[in-house]
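This report covers sheets, nonpolar cores and aromatic pairs. The sequence and model come first.

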Amino acid sequence: MSALSRFEAFMENIVEGSVARLFRSPVQPAEIAKRLERAMEANQTVSVRRILVPNYYRAFLNPQDFEAFKPIRTEVEREMATYLAELAQERGFSMVEHPRVELVADAGVPRRTIQVVAETQAAPAAPHQAGDTQVIPAQVAAAPAARARLLLATPAGTHVIPLDSTSMTIGRGLNNDIILEDARVSRNHAQLRYKSRRFWLTDLGSTNGTFVNGEPVTERALRDGDIISLGGLELTFRHADR
């Protein structure tokens with residue numbers, strides 16, 4: 001049985017009352033599992049003898065969506081960690097230790113949105129080497145793209161969207177890497193690509209247009225501090241060094 005089949009079987013056999021509650025939620029466990037998988041794929045560190053992927057994953061949900069998972073949060077987190085471990089084994093990836101998954105409520109995350117942060121956490125050192133233990137963000141070694149972020153102003157404060165892959169789509173549809181639940185944003189609005197040591201923003205034929213600093217764009221390289229407007233929804237592009 002594949003890792004995905006095992007995970008799906010688990011979700012089918014979990015406590016009936018909790019499952020009924022989950023299916024009323026717009027965010028489904030399979031969607032979270034898919035986002036975790038994509039985060040693992042996007043944060044590979046390739047060496048001579050192995051491909052290292054993150055072992056610590058945090059999935060951020062809107063508090064209202066998170067509420068549906070609370071009755072079985074521990075079981076779901078544990079099963080998602082097992083799913084990632086088996087998936088890594090199937091694909092020949094290595095981890096420094098067994099993966100850990102946390103579901104986190106974040107008021108800055110829009111409804112029906114899942115945002116994942118993946119890191120490699122070094123295994124605890126022996127007692128005499130405790131000072132050498134460190135936390136290493138996998139994306140720093142895996143992709144220069146991760147050294148940037150988008151800032152979205154919300155009523156709850158500024159929400160940070162890490163750019164942790166070299167190619168990401170932005171839109172209202174659930175198939176996007178960055179999902180923005182806003183009527184002004186098209187289902188598939190724009191794309192961010194990292195090339196030639198810079199991020200490039202490309203409009204994907206959106207209804208309300210893509211703008212940078214007030215100017216309409218088809219494709220444009222981004223600079224630190226640029227204001228991106230997706231049909232009127234504004235985000236600020238920042239380089240992590242700033």
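In which sense do strand β7 and β17 pair, and over how many bridges? Strand β7 (residues 148–154) and β17 pair in the antiparallel sense, over 4 bridges. Two strands count as paired if DSSP finds at least two bridges between them. Helices (H or I, at least four residues) and strands (E, at least two) are DSSP runs, numbered from the N terminus.

The model is predicted: local features need pLDDT of at least 70, side-chain atom pairs count only at pLDDT 80 or more, and totals for chains, interfaces and linings use all residues. Residues are numbered from 1 along each chain as its sequence is written, and side-chain values use heavy atoms, with hydrogens and water left out.

**Sheets**

β7 and β17 belong to an open sheet of 6 strands with antiparallel pairing, in the order β8-β7-β17-β16-β13-β14. Its edges are β8 (157–162) and β14 (215–216); each has a single partner strand, so one side of each is left without a neighbour in the sheet. Within this sheet, L150 has F237 in β17 as its bridge partner.

Another open sheet has 5 strands in the order β10-β9-β11-β12-β15, and its pairing is mixed. Here β10 (178–179) and β15 (219–221) stand at the edges with a single partner strand each, so one side of each lacks a neighbour in the sheet. Strand β9 (residues 167–171) and β10 run parallel and are joined by 2 bridges; G171 has I179 in β10 as its bridge partner.

**Aromatic pairs**

The structure holds 2 aromatic pairs. Rings of Phe, Tyr and Trp (its six-membered ring) pair if their centres lie within 6.5 Å; planes under 30 degrees apart count as stacked, over 60 as edge-to-face and the rest as tilted.

| Pair | Centre to centre | Angle between planes | Class |
|---|---|---|---|
| Y194 and F199 | 5.3 Å | 65° | edge-to-face |
| F199 and F237 | 6.0 Å | 70° | edge-to-face |

Ring pairs link Y194, F199 and F237 into a cluster. Buried means under 20% relative accessible area, exposed over 50%, and partly exposed in between (1.4 Å probe, protein chains only). F199 counts as buried at 3% relative accessibility, and F237 counts as buried at 4%. Y194 is buried too.

The charged end of K195 sits over the ring of W200, 5.0 Å from its centre. The criterion is NZ of Lys or CZ of Arg within 6 Å of the ring centre and within 35 degrees of the ring normal.

**Nonpolar cores**

A nonpolar core is a set of buried Ala, Val, Leu, Ile, Met, Phe, Trp, Tyr and Cys residues joined through side-chain atoms within 4.5 Å. The largest has 27 residues, and I32, L36, M40, Y57, L84 and L103 have the most contacts inside it. At least two residues come from each of α3 (29–42), β3 (56–61), α5, β4 and β5 (114–121), with α5 giving the most, 7 residues. Y57 touches residues including L36, M40, L84 and V116, not counting residues up to four places away in sequence; contact means heavy atoms within 4.5 Å. A second, separate core of 23 residues includes A148, L163, I170 and L233.

In α3, the buried residues include I32, L36 and M40.
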